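I am opening my notebook on this model.

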Amino acid sequence: SVVVAGSFNVDHVWRCDALPAPGATIAGRYSTGPGGKGFNQAVAARRAGAGITFVCALGDDAGGALARQLAAADGIVLAAEASSEPTGTAGIYVDSRGRNSIVIGPGANASLSTGFMAANAALIGAAGVLLAQLESPVESIEAALGIAREAGVLTVLNAAPANAPSTIGLLKLADVLTPNETEFAALLGRHVGERVEADDVAALDGASLHALCRKLSGNTVVVTLGAVGVFVSHDEERLRGDSQPYYRVAAEAAQVVDTTGAGDAFNGALAASLAQAPDAAFIKHVRFANQYAARSTESEGAAAAMPRMTPADAA
Ligand code: ADP
């Protein structure tokens with residue numbers, strides 16, 4: 001099974017012709033639904049066939065009730081810390097070209113505590129995989145990763161968003177680190193003094209990308225490259241069943257409608273696959289996650305767009 005530790009947001013989305021300028025009032029097509037990287041990844045992992053417990057913090061409000069209702073509908077077990085803050089929210093404007101402006105109200109997500117992780121140590125320790133992101137307090141994520149590591153649970157850290165605080169100590173707790181290009185460039189700049197433009201990452205040759213990954217982590221790094229696909233870099237001593245220390249997997253062809261949440265789809269599916277077949281070669285998990293993420297881009301939304309597709313369906 002997979003324990004996902006992270007954020008839940010109620011997303012409020014307005015699709016408009018253009019993003020509003022300061023002082024402007026415009027009209028847009030409104031929709032609302034669940035979001036937050038933690039919840040999106042939990043839904044993806046669940047629909048990819050794994051048993052899921054989602055560790056999060058919720059307010060005593062309509063958003064919290066929505067989280068409970070949606071988790072139940074997807075068969076996700078909730079371990080929710082009760083917060084006196086409102087449940088997390090996101091206000092999202094999307095223009096006709098698909099560009100967005102987003103304001104996050106962390107609310108309850110910001111009160112997910114280290115104490116709550118400690119209280120759930122047995123739950124975390126019994127998982128096959130712990131999957132976490134950085135939309136929650138960094139010390140609580142570090143605590144969860146530490147508890148998992150101690151118990152021999154495989155840890156996957158999606159170091160997102162790119163502007164979240166992190167330390168090299170936190171990164172070391174990840175058996176598998178999964179930044180996208182922007183997050184990868186940010187981590188390189190912050191932690192190992194390497195200046196790389198996010199837009200240049202995908203074009204780097206394999207040996208150079210591998211060397212950059214090795215500076216960041218003594219363990220496996222999976223850099224997601226959007227429509228280009230994925231780059232995988234292993235420590236030479238820990239190839240996780242693969243025959244090569246580094247390689248690329250090209251993105252699957254997709255009838256793209258909305259790439260929001262593609263990274264969340266990838267991370268959830270990767271964790272679900274790792275939990276369901278821990279002895280399979282790592283490349284199999286990556287190929288599945290890559291297929292799963294491509295499918296997720298073929299419908300609108302984040303959590304709502306997560307396909308029902310397990311590694312067995314894909315094989
Ligand atoms: P994020 O959503 O965090 O920015 P990426 O854009 O890197 O993450 O996308 C994550 C993964 O989703 C990619 O590595 C790839 O597997 C898949 N993906 C993203 N965009 C596409 C696309 N246009 N076509 C096919 N697969 C895609």
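Two residues are in contact if their C-beta atoms, placed from the backbone, lie within 7 Å. I note that this is a predicted model.

Entry one, the whole chain. Residues 24 or more positions apart account for 68% of them. I found 11 helices and 13 strands in the chain. The C-alpha trace spans about 55 × 45 × 40 Å along its principal axes. I then checked the radius of gyration. A compact globule with 315 residues would have one near 20 Å, and the chain has 18 Å, so the two agree. I also looked up burial: 47% of the 315 residues count as buried.

What should its 15 residues span? At 1.5 Å a residue, I expect 21 Å, and the end C-alpha atoms of α10 are 21 Å apart, so this agrees. How many of the residues of α10 are buried? I get 12 of 15, so I write "mostly covered". Among the buried ones are Phe 282, His 285, Tyr 292 and Arg 295. The cover over the buried residues of α10 includes β11, β12, β13, α9 and α11.

I list 19 residues around the ligand. Which come nearest? They are Thr 224, Gly 226, Ala 262, Gly 263 and Ala 293. By class, the shell has 10 nonpolar, 8 polar and 1 charged residues. β12, α9 and α10 each supply at least two residues of this shell.

Definitions and conventions. Residues are numbered from 1 along each chain as its sequence is written. This is a predicted model: local features need pLDDT of at least 70, side-chain atom pairs count only at pLDDT 80 or more; totals for chains, interfaces and linings use all residues. A residue is near a molecule or strand if its C-beta atom, placed from the backbone, lies within 6 Å of it. Helices (H or I, at least four residues) and strands (E, at least two) are DSSP runs, numbered from the N terminus. Ala, Val, Leu, Ile, Met, Phe, Trp, Tyr, Cys and Pro count as nonpolar, Asp, Glu, Lys and Arg as charged, and the others, Gly among them, as polar. The radius of gyration is taken over C-alpha atoms; the globule rule is 2.2 Å times the number of residues to the power 0.38. A residue is buried if 20 or more other C-beta atoms lie within 10 Å of its own, exposed if 12 or fewer, and partly exposed in between; C-beta atoms are placed from the backbone. The expected span of a helix is 1.5 Å times one less than its number of residues.
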